[in-house]
Amino acid sequence: MSDAALWTALADPHRRAIVALLLERPRPVGEIVEACGLSQPSTSKHLKVLREAGLVRVRQDAQRRVYALDPAPIAALDAWLAPYRRLWNSSLDALGRRLDATGETPDDT
């Protein structure tokens, strides 16, 4: 799996929706098709991209293919995002301090 393949796979909103579904639990292709509202061939193409990027794995269960998330690439993404998350948290902390100092709350707008 390359970083480029991982980012490319997650760039598509349909594939992100599939990843979100699989976060809940492994699912057969038919359930993914139904939940996403895509055609079976389109869903299969998206699953192929996710599989080639290493984000999902598939197992055969009788006549069905069941897809599940592979947590390793997600952990790698989390590690890559960690320094950026610290920047974001610092900005939110600064905003909180500013609001505390002015006596405003976000609901006051």
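Predicted model: local features only at pLDDT ≥ 70, side-chain atom pairs only at ≥ 80, totals over all residues.
Here, buried means under 20% relative accessible area, exposed means over 50%, and partly exposed is in between, using a 1.4 Å probe and protein chains only. Residues are numbered from 1 along each chain as its sequence is written, and side-chain values use heavy atoms, with hydrogens and water left out.

**Fold and overall shape**

- You've got five helices and three strands in the protein, counting DSSP runs numbered from the N terminus (helices: H or I, at least four residues; strands: E, at least two).
- Reading from the N terminus, the order goes α-α-β-α-α-β-β-α.
- The protein is more spread out than a compact globule, because its radius of gyration is 19 Å, well over the 13 Å that the globule rule gives for 109 residues. That radius is taken over C-alpha atoms, and the rule is 2.2 Å times the number of residues to the power 0.38.
- Along the principal axes, the C-alpha trace spans about 60 × 30 × 20 Å.

**Packing and surface**

- Of the 109 residues, 28% are buried.
- Take the contacts (heavy atoms within 4.5 Å) with a separation of 6 or more: 46% of them are between residues 24 or more positions apart.
- The accessible surface (Shrake-Rupley, 1.4 Å probe; for residues, only the protein chains shown count as cover) is about 7,400 Å², with 55% of it belonging to carbon and sulfur atoms.

**Salt bridges**

- Side chains of opposite charge can pair when their charged atoms come close.
- The whole structure has seven salt bridges, each being a side-chain nitrogen of Lys or Arg within 4 Å of a carboxyl oxygen of Asp or Glu.
- Glu 31 pairs with Arg 25 at 3.0 Å, N to O, and also with Arg 27, where the closest N and O atoms are 3.3 Å apart.
- Glu 31 is partly exposed at 29% relative accessibility, whereas Arg 27 is buried, with a relative accessible area of 8%.
- Over in helix 4 (residues 40-52), Glu 52 and Lys 48 sit four residues apart, about one turn of the helix, and their side chains meet in a salt bridge at 3.9 Å, N to O.
- Glu 52 is exposed at 55% relative accessibility, while Lys 48 is partly exposed at 43%.
- Back with the arginines, salt bridges that share partners tie Glu 24, Arg 25, Arg 27 and Glu 31 into one network.
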